[in-house]
Structure formats: C-alpha cells, structure tokens
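Please look at the structure below and follow how charged side chains pair across the chain.

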Amino acid sequence: MVILSKQTSFFNGVPLIDLSKPDSKNLIVNACEEFGFFKIINHDVPMEFISKLESEAIKFFSSPLSEKLKAGPADPFGYGNKQIGTNGDCGRVEHILVSTNSEFNYQKFASILGVNPENIRAAVNDYVSAVKKMSCDILEMLAEGLKIYPTNVFSKLLMDENSDSVFRLNHYPPCSEIERLNDNNNDLIGFGEHTDPQIISILRSNNTSGLQILLKDGHWISVPPDENSFFVNVGDSLQVMTNGRVKSVKHRVLANSVKSRLSMIYFGGPPLSEKIAPLASLMEGEDSSLYKEFTWFEYKKSAYKTRLADNRLILFEKIAAS
C-alpha cells in the first residue's frame, strides 16, 4: 500500500509538488520513496529559455533526414535516429545528445541547412544552466527532508566542474494508422522501458502524450503532458546513495498516432571518478549497505553494455548472507 503525506497533491495519479510551498521538502521525500517520480510547478526556469530551445529543436528536427545525418552518428554525442544505445534497442525516436560541459563542439550542426550552431549552443546553455540550478535545489530539499547534512551532499556532484551530466532532445514523429495496425501489440514503442543511471533527470515535453511510469504494483500509468511544468525522475545513483530509500523509476514512451512529441531531458550525473555508495547517515551500520561501492565510470560502463529494460543495479547489489 502506498502511504503518502496528507498534504500530497496528485496530477492524474502522479505526485504534484509546488516548489514555492514550505512543506515541499517532505513531499519530495515521500514522492521519491513511493514513486521515484513527481511533477513540479512554480519553478524558476524562465519560459523564454524553454521556448527558445524548443524553437531551435523544431527547426533542427524539421530538416530533411539527409541534413540531420550530418550531425551524426552519435558517438555518443550528436544526432541519432531510431537506434538507442549499441545493444540492439530501437524505438520510434530521433535525438540529439550533448555534453553539458563547455568543451562540447557544436560545429557538428554547422553544415545543416538553416541551422545555426551558435543559436543551438546558446539555447542549450541557457536552458541547462537554469534546469541544473533547479535540480540542485530539489536535491538539497530532498537531503534536508532526509535529515542529511550538509544538504549539498547530492547537489555538489552536479555543481562539480567535472560533473558528467548530459542533455538530450528527443523527437517522436507521429506514427500512421498503417504502422499501428501492423504492430502486434498495438502499442508502438517510442522509447523502451528503462531507468536512468544518473542521480536525477529533469524532463520537460510539449503537450503531446506518450510518457508512462511503472508503479510499485506493476501497473503502467500514463503521465499527462504539461508544457509549462517539469517532471523529475530519481536515478539509479541516487537510489544507491540513499541505500534504496528512494527508488529509481522505470519509464517508457509510447508513440502517438496524431502529433509529434518533443522532450528535453537534463541528466544530472557525478564526475566519472566519483565513488557511489550508500551514505553512512542512512545506514544502521556498515553491514546494512545494500550495494557495493563503485565509481560512476564503472557503473556507466556497465550500464551501457546492457539492454534498456535490464536491471542494471543487480550487478552491484550485495548478496545477503543466507
């Protein structure tokens, strides 16, 4: 049974948190423990940053495929089409993946007709800067709600100049009725079920549906879109650092038969050399750790060798003594 605070509001079954309210830190803890996912309103991300980035993304994804391919193949950064990772996963999606550090070379987009790489760079940087700040605020509220001090124990990993954070733009074109009829399950997959390996993911999409999350009881629920709000995913690394107290959420995207879906996701990750392990303050003793210590590089390397739907953390779980 899911037990949440009496003050928790819901948006079609999804916890809804108003960041301007004084009790938001406790509601964030509840949502992270029970869902690993929540919607936030009254954020400080300027709408002009969102609109500017969306405009640049639409301009790029509206280009002919032959032009977009000039920004690929994804290595892992750049443009990718249908292929998700290197292990056979595919979906009805095309994407742009960029590193959030200043060294990323936007000249990959320079030869695409009608696309200005400097405009894309500026739009991404403004948006990511604002969303990263919001991510850090959320993580610090979570730490305070969990009574972890100092409260920047999670956020400092995103603020580190060597933070391995990435930003992704996903475009899901509409699928025709013929494609839907030819699909055996009548549910065309845009992006298959998975958890995010990082600490936290912040998602914003246009007003096209498709996102679903998996509840603890094994049922998938659809998340109604809201272009003016953000959705927060707990990542695998945060699950480990809290020793399983908060859970990373399995989610997927189904293709829409009428409208295209555009989503933008900030994945807040630690530096590659950062050791990921349960925090001592959340354990009753050293023996109560559910996970082996690993570096973010080790986990990232392991995660990208797996299929999307695999339980990536199982390799790093401590086996209980029988």
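Aspartate 164 has a relative accessible area of 15% and therefore counts as buried, where buried means under 20% relative accessible area, exposed over 50%, and partly exposed in between, with a 1.4 Å probe and protein chains only. This is a predicted model, in which local features need pLDDT of at least 70 and side-chain atom pairs count only at pLDDT 80 or more, while totals for chains, interfaces and linings use all residues. Residues are numbered from 1 along each chain as its sequence is written, and side-chain values use heavy atoms, with hydrogens and water left out.

Side chains of opposite charge can pair when their charged atoms come close. The partner of aspartate 164 is lysine 300, and the closest N and O atoms of this salt bridge are 2.7 Å apart, a salt bridge being a side-chain nitrogen of Lys or Arg within 4 Å of a carboxyl oxygen of Asp or Glu. Because lysine 300 lies in helix α8 (residues 296-303) and aspartate 164 in the loop between α5 (155-159) and β6 (166-172), the pair ties together parts that are 136 residues apart in sequence; helices (H or I, at least four residues) and strands (E, at least two) are DSSP runs, numbered from the N terminus. Lysine 300 is partly exposed, at 23% relative accessibility.

The structure holds 14 salt bridges, and another of them joins the side chains of arginine 245 and glutamate 33 at 2.5 Å, N to O. Arginine 245 sits in the loop between α7 (236-241) and β12 (251-254) and glutamate 33 in helix α1 (residues 24-34), so this pair connects parts 212 residues apart in sequence. Glutamate 33 is buried at 17% relative accessibility, whereas arginine 245, at 38%, is partly exposed.
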